[in-house]
Amino acid sequence: MSMFDGFRFRGTSSPIHQLDPRVKFIYACIMFVIAILFSQFIPLLVLFFVQIPLVWTARIMKEWMRSMRASAMFAVIIFATNMLSYYFYGGYPSLSWLFERAAAMTLRFIVLIESFSLFFLTTSPDHLGLALEQSGVPYDICFAFTTAVRFVPVLAEEAQTILDAQKSRGLELEKGNFVKRIKNYIPVLIPLIVSAIRRSLELAEAMESRAWGAVEKRTNLYVLTMKKDDYLLILASVLMLGISVYVWLFIPVPSFTQLLSISA
Amino acid sequence: MSPSEDDGGPELAIIKTENLTYTYPIGVKPAFEDVSIEIEKGEFVVLTGPSGCGKTTLCRCLNGLVPHFYGGKLEGEVTVAGLRVTEHPIYELAQHAGLVFQNPENQLFALSVEKDVAFGLENLGISREEIQRRVNWALQITGIEDLRNRAPHELSGGQQQRVAIASILVMQPEVIVLDEPTSFLDPLGAQKIFQVIDELNKDLGITVILVEHRLDMASRYADRIIVMNKGRVVLNGKPREVFDSEEARLIGIGIPKATRLYQLLKANGVNLNRVPVTFHEASHVIKEAFIHDRS
Amino acid sequence: MIEVSDVYFTYPNGVEALKGVSLTIRDGEFIAVMGQNGAGKTTLVKHFNGLLKPTRGKVLIDGVDTQNVSVATLARKVGFVFQNPDNQLFCETVEDEVSYALKNFGFNEETIKERVDWALNLLDMVEYRRVSPFMLSGGERKRVALASILAWDPNIVILDEPTIGQDYQQKERLRQFILQLNNQGKTVIMVTHDVEFVTDCKPHIVLMAQGRIIAEGEANKVLTDPEVVSQASLILPEVTQIFLGLRELDLPQDVIDVYEASRILLTKLGES
C-alpha cells in the first residue's frame, strides 16, 4: 500500500469520470493556488471539506481514503519539521499558535494530495493522453506517454519472470552487505533493459507498418468536447478562487484558538 | 485456387521479385540472395524454412521495412501492388501490404482494442466517421466485437493476434503478410488464427503470405509452399509436391505426418494414389488402398 | 522424488490457478505436463523449485517441504529452464553466464572451470566461450541458457515450453537431447502444448485443464482419448486423427507414432 495507489486510475464510472480532464486539471490547480494563498488553519480546513462532496460523487471514497492514509507518514513529517523549525528559529507568539501553524502547513499538503488524487483517480491514461493532445502537446509525446502506461503491467510481469529465472540460478537478493545487495540487482536490470530495447524495436516496426508519419495532421477516433458539467466545474472553481481572494484581502481570519476562546 | 495455365503476366502478380538480394548494414553475408518469386492476387502462400533462412527478412521487404527502416543494401527488383518498394515510403507501402508480427504483445500500443485497431487509419488522416465504420467492420470480421473496450494486456495471445490482424485489415491492404503469428499460441489458438486468415483470403480475396513452421496445420489452406534455405528459395510449388520432395527431406522442414506416412508406406512398396497433406486426405487415400487391395 | 499433495494456489490478484492437484514424480521419470495456456501448468512446476509456495496443501522435494526452504536451496536439485532465454542472459561472455549459478552455489574455482567446460561441450558451444551472449542467434542463446542450468548438474530438470519458436531441426536436436538427459538418470519435466513434439518423445503425460489434473498416463493412452484431449483444449495427434478416419478397418485407436502407424498398416495390408 503506497501513496501512489491513490493516484492510479480506477475504471469505475461516475459523473466526475466523464468530465473533461483539462477541466479537472484546472480545478486541481486552482485548489493548489488557494491552498498556497492561506497559511491559516481554518480556511484550509474549509478547503479540505469543500472537496469531499466531489470525492463522494466520483465514487472513489475507498481509494481516496487509502491515499490519505498512506500520505499520513509524510503529513507527520511535515508537521514535525514545521513545529521544530519554528521552535528553533523563535519569534512565535505562543505554543498554540505554533501548533496551529504546523497543523495548517500539514493540511495544505493534504489538500494538495486530495485535489490531485481526485484528478488522477478519475482520469484514465487514455483520456489524459487525449487531453494532452488536444491541448497542443505534440503527438509524439502524447503517444510516448500512453504507450508507456500501456506497457507498465507488461514490464512489471516481465521483471517478476526475470527475477524468478535468476532466483532459480541461486540468486539471493537479501544476501550480503549493502554493496553486494545493490549488485544483486544487476542480473535483473540488464535483461529488463535489453528486453526494453528489443521491445522498442518491435514496436517501431509495428508503428511503421501502420503508416506512422503518413500525414502531418493525424485524425483521432475520439474527441474531447466540453459539456454542461465541465462548464459548471470551471464556474465553481473560479467562484471559489474569487471568494478566496476576497477573503484573503479583506477578511481577517481568526485562528482556531481564538475561536475556542470566544466560545469558552 | 491455382495459378492460371497461361503466363499470368505482371497484371496478375501482386508481388514480384527479381534476383532480389539484401544485406543488413552490419551483415557480413546477404540475408537472402537471388530471390525471384511471383505471387498472384488471391493466393495463399506459406513461406517456410529453417531458422535464419531469410524468410523473416524477405517479409519485411514487402512493406518496405527493408530497406527503408533497416538500411542496408538491396539489389534486384521488388514490386508490390505495382509499386517499386525502393521508390515508395513505408507509410504508402503499408497500405498495400500489411504486416502482422510474431509477438502479439509488441504490436499493440493503445489502451483499448478499438483505439488500437483505429491507429493505422488515424495515422492516415482518415475522417472520424470513416474510421469508426472501418473499425466496426474489421472487429466484426475478426470476431472480436465483444473485446472492443478491453485493454490489450487483459487479452489472451490469440485474442491479441486477432486485434493485430484487425488493425492491419482496417487499412484494406491487398496483401497481408504474417510472420509466424502463432509461435506463442497454443494449438487451438493457432487453429483459430489460421481460420481467420483463411476467411480473409477466401471471403475477401486478400492475398496471404504466411511464414510458418507449423506446416501440419497451415498447409491445408495453402495454394503454394515456398521453402527457403540459407538465403535462397529452394522449393516453390504445390504443398503435395514440396512435402514429398527429396530437398524437403534434406533441408529438414517439418512435413506433415500424413505425408511422412505416405513416404514410409511407399518405401515399403505400398503406393498410395495421391500424396496426402492433411490427416483427412491420408485417411481417404489409405482407405482407397485397402479397397483396391481387397478387390 | 516430487510429491504434490492436494495443492491449491491462488495468485495475489485473486486468480485461483491450482485447485487441488496431487501428483507423484519418481526419480528418473520423463513427464510432460500438458494443457492450454492458462491451465496451470507453469504455476504447478514453479512449485517444484519453490518459486511458488502452495496456498493450501504441500509439495515435498525428496521429503523436504518446500514451504520452509529457499529457492536457492531447492535450485541445487531442481534446474528450471525458462521459456525465454533473454529473461536470464546478462553476462559479458558465455563463460560468465554458464558459471553464474555455480558461483552462487559456492563451488570452488577449479570445479567451476570443470563444469563450465563440460556444459559448453554438452551443448556444442565451446567455440562461443568468450563471445557475448547478446551477439548470438536465438537458437544459440537457448543453448547458452540450457548450458547454464545443466552446469550444476541438477537431478531434476524442468523445461518450460522448450519448443516455442523452434524450427524442425532444432526440435529434433532438442528431442534427442532431452532423451539423452533422461537416459543419464535425470528426472525430466517438460511443460508444453506441442502435441506433435510429445508424440515423438513419448513421455508420461499429465494433462491439465483449469487448475486441475484431468488425466495422467502413457502418451498413447492419454493423447488418443478425444474426450480428455478436448477438455484440455488440445488437439489429437495427426497420426491418431488419421487412424480415427480408418476406424472401420479395425485398426487400433491408440497409435500416436508415425513409424508404428506405418508398421500396423503394412501388416494389415499384408494380411488382406
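Helices (H or I, at least four residues) and strands (E, at least two) are DSSP runs, numbered from the N terminus. The structure is a predicted model, in which local features need pLDDT of at least 70 and side-chain atom pairs count only at pLDDT 80 or more, while totals for chains, interfaces and linings use all residues. Residues are numbered from 1 along each chain as its sequence is written, and chains are lettered from A and ligands numbered from 1 in the order in which they are written.

Chain A contains 12 helices and 0 strands, giving the pattern α-α-α-α-α-α-α-α-α-α-α-α along the sequence. Its radius of gyration is 24 Å, well over the 18 Å that the globule rule gives for 264 residues, so chain A is more spread out than a compact globule. The radius is taken over C-alpha atoms, and the globule rule is 2.2 Å times the number of residues to the power 0.38. Along the principal axes, the C-alpha atoms of chain A fill a box of roughly 70 × 55 × 30 Å. Of the 264 residues in chain A, 27% are buried. A residue is buried if 20 or more other C-beta atoms lie within 10 Å of its own, exposed if 12 or fewer, and partly exposed in between, with C-beta atoms placed from the backbone. Among contacts in chain A with a separation of 6 or more, 81% join residues 24 or more positions apart; two residues are in contact if their C-beta atoms, placed from the backbone, lie within 7 Å.

Chain A is divided into domain 1 (3–123 + 226–263) and domain 2 (137–208), with bounds that come from an automatic or database domain assignment. The centres of these two domains, taken over C-alpha atoms, are separated by 36 Å. Residue A:L45 lies in helix α3 (residues 41–57) of chain A. A:L45 counts as partly exposed because it has 16 C-beta neighbours inside 10 Å.

In chain A, the axes of helix α7 (residues 125–134) and helix α8 (residues 139–167) come within 9 Å and cross at roughly 170 degrees. α7(A) is therefore roughly antiparallel to α8(A), a label for angles over 145 degrees. Axes are lines fitted to C-alpha atoms, for helices over the stretch in contact, and angles run from 0 to 180 degrees between N-to-C directions. From α7(A), A:P125, A:D126, A:G129, A:L132 and A:E133 meet A:Y139, A:C142, A:F145, A:T146 and A:V149 of α8(A). This contact has 6 nonpolar, 2 polar and 2 charged residues. Ala, Val, Leu, Ile, Met, Phe, Trp, Tyr, Cys and Pro count as nonpolar, Asp, Glu, Lys and Arg as charged, and the others, Gly among them, as polar.

Chain B contacts chain A through 35 residues of chain B and 26 residues of chain A. On the chain B side, α5(B) gives the most, with 6 residues. The side of chain B that touches chain A has 17 nonpolar, 14 polar and 4 charged residues.

The contact between chains B and C takes 34 residues from chain B and 32 residues from chain C. α8 (187–204), α12 (257–267) and α13 (279–294) of chain B are the elements that give two or more residues to the chain B side. The largest share, 10 residues, comes from α13(B).

Chain C is divided into domain 1 (1–77 + 154–224), domain 2 (91–152) and domain 3 (237–272). Domain 1 and domain 2 of chain C have centres 24 Å apart, taken over C-alpha atoms.

Note on methods. Angles under 35 degrees count as roughly parallel, over 145 as roughly antiparallel, 65 to 115 as roughly perpendicular and the rest as oblique.
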